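Below is a short briefing on one protein chain. It covers the fold, the surface and the charged side chains.

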Amino acid sequence: MSESRLYSFSPETKEKLRKFRLGTSRAKDPQAIVYIIDNKNQEIRPEDGEVYTKMDELADELPESSPRFILLSYPLTLGSGRLAVPYVLLYYLPVNCNPNARMMYAGAVELMRNVAEVNRVIEVREDEDITGIEARLQSED
């Protein structure tokens, strides 16, 4: 069975994904939204709709034992002096997460990547991976 039949997005969520992608390309600050997979209906949806602009606040909000998808638009100046706004999917997979949740998110990561239209997926495991994401984005560009 393909992941597109296992997991779903509501039309509202698809529209929010599109608006976020288009609306963040000119933002001056980082923009991040946390997505979860609803256990009851296997729907991928925003956790609470909050847009985070500070990586330390985002890191503080993430659960210690549950995976999440985080859409991140992060404006930065590259070593060449060029401005860039990488649009990436952070795949938050804490070390001590439940194996069932780990499998569920692993099965949905490519679908989330495709529906959100991101170029890159970056796996993060702990707070420091989130708060230090700028260095990682700099080094990979």
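**Salt bridges and overall layout**

Glu 123 is partly exposed, as its relative accessibility is 32%. Its salt-bridge partner is Arg 125, with 2.7 Å between the closest N and O atoms. Arg 125 is likewise partly exposed, at 33% relative accessibility. The model is predicted.

Other salt bridges
- The whole structure holds 6 salt bridges.
- Arg 68 pairs with Glu 47 in a salt bridge whose closest N and O atoms are 3.0 Å apart.
- This pair links distant parts of the chain, since Arg 68 lies in strand E3 (residues 68–73) and Glu 47 in strand E2 (residues 44–52), 21 residues apart.
- Arg 68 is buried, with a relative accessible area of 12%, whereas Glu 47 is partly exposed at 28%.
- Arg 21 and Glu 117 form a salt bridge, with the closest N and O atoms 3.3 Å apart.
- Here Arg 21 belongs to helix H2 (residues 11–23) and Glu 117 to the loop between helix H4 (99–116) and strand E7 (120–124), 96 residues apart.

Fold
- The chain contains 6 helices and 7 strands, in the order α-α-β-β-α-β-β-β-β-α-β-α-α.
- Its radius of gyration is 15 Å, close to the 14 Å from the globule rule for 141 residues, so the chain is as compact as a globular protein of that length.
- The C-alpha trace spans about 45 × 35 × 25 Å along its principal axes.

Surface and charge
- Of the 141 residues, 43% are buried.
- Carbon and sulfur atoms account for 46% of the accessible surface of about 7,700 Å².
- There are 18 positive and 24 negative side chains, and the centres of the two sets are 8 Å apart.

Note on methods. Residues numbered from 1 in each chain as written. Predicted model: local features only at pLDDT ≥ 70, side-chain atom pairs only at ≥ 80, totals over all residues. Heavy atoms only, no water. Helix = DSSP H or I, 4+ residues; strand = E, 2+ residues; numbered from the N terminus. Rg over C-alpha atoms; globule rule 2.2 N^0.38 Å. Buried < 20%, exposed > 50% of the residue type's maximum accessible area, 1.4 Å probe, protein only. Areas by Shrake-Rupley, 256 points an atom, 1.4 Å probe, with all protein chains shown as cover. Lys, Arg positive; Asp, Glu negative; His and termini not counted. Charge placed at Lys NZ, Arg CZ, Asp CG, Glu CD. Salt bridge = Lys/Arg side-chain N within 4 Å of Asp/Glu carboxyl O.
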